[in-house]
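Here is a friendly briefing to read alongside the structure. It covers a sheet, then the nonpolar cores.

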Amino acid sequence: MSIPTTARVVIIGGGVVGVSTLYHLAKLGWSDCVLLEKNELTAGSTWHAAGNCPNFATSYAVMNMQRYGLELYRGLADEVDYPINYHVTGAIRLAHSHNRMMEFEHVAAMAEHMGLKIDMCTPDQLQQHFPFMETHDLEGGLWDPLDGDIDPAQVTQALAKGARGLGARILRFTPATGVRREGGEWIVCTETGEIRCEYVVNAAGYYAARVGEWFEPYGGRSVPSVTMSHQYFMTEAVPEVEAWTKAQGRKLPMLRDPDTSYYLRQETGGFNLGPYERACRTAWTSSDDPMPDDFSFQLYPDDLERLEFYIEDAMARVPLLGTQGVKRNINGPIPYAPDGLPMIGPMPGVPNAFEVHSFTFGIAQGGGAGKVAAEWIVHGQTEWDMWAVDPRRYTDYTDKQYCIDKAKEVYGHEYAMHFPHHEWPAGRDRKLSPNHTKLLELGGQMGAYNGWERANWFAKTGDDTSEDATQTWTRSGPWEQRVREECEAVRDHVGVLDLPGFSRFKLSGAGAADWLRGQIAGALPKTGRMTLGYFPDDRGRVLTEMSILRHDADEFTLITAALAQWHDFELLKARLPEALALEDQTRKTTTLIVTGPQSRQLLAPMLEADLSLSWLSLQQASILGKPAMLVRVSFAGELGWEIHANIQDMPEIYQAILAAGAKPFGMYALNALRLEKGYRSWKGDLSTDYSVLEAGLGRFAKLDKPRDFPGKAALLKEQAEGVRRRFVTMIVEAEECDAPYMSTIWLGDQMVGEVTSGGWGYRVNASIALGVVRADLAKPGTELIIKIYGKPYKAIVQPDEPLWDPENERLRDQSLSENVVLEGHMA
């Protein structure tokens, strides 16, 4: 077969994910696309995959992606006229504890939000689904009727047939050998010729890191992915299972025991057992174990000894498992990202290049991944917010050892519960504040934010700081009293928060202001002032929020969340005219937040600055003789300043502020304080799932400004037709748990919205939930119900103003005259 010389898109990798991407591109009308596979389709992880197809996921975005994929698979055979062995058997998940049942309750609620019915079960109900298991030690479990298993090769070939039928091309036994950039286009090299294309996709599975090396000269980075060795085995036929199948006319449902960490399913007349063991192993990560050039249709040697505990536990759960011998063992490579989630989206730093790889559950996620990847390529955006799998969630701290340590941690805890106050210990201390040692001396209990270590709370002598203490869904724990004390110090006196890692960009050049005005929904601040800028996409949905600090007519500092560093820099860079300069200054400067009613008195003796300047002002100052920028703003909602200074100067500044009487506070306290003010969090309250108007940011949108901006037409249309969903703050009559992300909101038996973030407010002494509800229910006083881990709690919609200090008197400090004006409207 001759190789084409041009294509619109070239996909490298012929597993289920690459083929699904090709299929979905063709479905969107992009048929001039080519997929290159070095061997036969499915030769990598797809070939030896077990083919399990769950809806279940603890990430809402990932569950939605899997839901779509499984729905696609159920109709794919008929759509493309290709036979697929797809067994929709249903599946049970076992819970040994109340904590696990709470996790299941929340996942079931997320499933219900997207139209799936997943049922909570008693042990007796579980046994009715799977009669051959022991249930005496179970708390209960979960039943998903749409779970099952599919033949990986068949579903890949069906997608391939569908793609070919729409005009796309698949070139087997045609390995890509490299890429280069010419004239704004990509040249993909093969042994038999070159293909010039507009877009290129790395869908190379466990070879994704090697393919990623080709893009490093063009701005790319080392792909943060590691190959793990995963085993499962199949038994000989079990007569009792065969008899049950014949009598029932169907297979046994899938069984998963997440607390022990394995799945068990029927395979023909026997069983298939797949554990995720703690004593797991990476592959191809050392010089004496190099990655082979081609591992197509190959496996590792059997290594069943490391699975003994899991096999014994599974046999105790299902005694029939132990009645027959092992027929075949599969030990093959599976790629793992550091958090166990795939990478789908723009390749960081590289124009017109995308990634769709590192799938630990590629069959279940392949269908949805192809849809998401195709939308990224064709539209430059996705239907659903998919930040959970965006490759830009990892930045400059993911070195090889980090990836190894995190992959082993995630694999060994594949089914682990992710509690809200638990911090995983592997891969830590990658980026440290200049005050890190002092934070530890003060009792700082640390968390990682884009690799930066920040204190979550400060423990006192005698507090339980063990990892076990964090294994709870409740707000109570050794941190609770300390967080209350930190919030009260900010309320009554002054607190100081060490905040390294703020993403910080310098924008400058003639015309910078006019360009920036055309990127945000609102207005720019005047020189010497700041505001919040919201960047919509062309649908009017929220891409990101940045603090915009204006130093001169065309000179700005843009500050955004730590995690948003690469995402937001690329958002700006992709739209930036050549005449403007954009510089990432994140590592040059660090920040303290000094806030509370006594903050002016505390800072005055050590500052050469005008502390009478009003809220949202900024100035160059001197603190202890060291240069700093003072910004009069506080995410905590009290009188306060952000102090931005050189990293080497900050330890002396921090020590002086502590010595003057400020109490250190952490990220847990900051979260509680911001909830009381209704301040939004990025990729929780602020995401592309909501428009600027739905997110309650209308006061930051100047739709009548003459300058056009992305999404303006969509927002004007939405405004004219009426906003269908509105952002609200609710007080919840909660008990020991606050509402987690994507808790469902109800009016009677109607689901009317979802929680975007929740927590306890220590100044208002109440449980708070921020969320989005049907527009007619956004009126203050409306009584709703929020289901928190399966239990209903009354929630009252509050007025559209902060719960704490609704007039912002404490924040503005009305003892001083203020007149805060943005371009064209009041702040």
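Two strands count as paired if DSSP finds at least two bridges between them; strands (E, at least two residues) and helices (H or I, at least four) are DSSP runs numbered from the N terminus. The model is predicted, with local features needing pLDDT of at least 70 and side-chain atom pairs counting only at pLDDT 80 or more, while totals for chains, interfaces and linings use all residues. Residues are numbered from 1 along each chain as its sequence is written, and side-chain values use heavy atoms, leaving out hydrogens and water.

- Seven strands make up an open sheet with mixed pairing, in the order 29-30-31-32-28-22-33.
- Strand 29 (607–608) and strand 33 (663–664) are at the edges with a single partner strand each, so one side of each has no neighbour in the sheet.
- Strands 29 and 30 (residues 618–623) run antiparallel and are joined by two bridges.
- L607 has I623 in strand 30 as its bridge partner.

**The nonpolar cores**
- A nonpolar core is a set of buried (under 20% relative accessible area, 1.4 Å probe, protein chains only) Ala, Val, Leu, Ile, Met, Phe, Trp, Tyr and Cys residues joined through side-chain atoms within 4.5 Å.
- The largest nonpolar core has 65 residues, and V9, L76, I344 and V356 have the most contacts inside it.
- Helix 3 (residues 60–80) gives the most to this core, 10 residues.
- Leaving aside residues up to four places away in sequence, L76 touches Y23, D81, I84, V155, A158 and L159, where contact means heavy atoms within 4.5 Å.
- A second, separate core of 30 residues includes W457, V483, L549 and L618.

Notes: Buried < 20%, exposed > 50% of the residue type's maximum accessible area, 1.4 Å probe, protein only.
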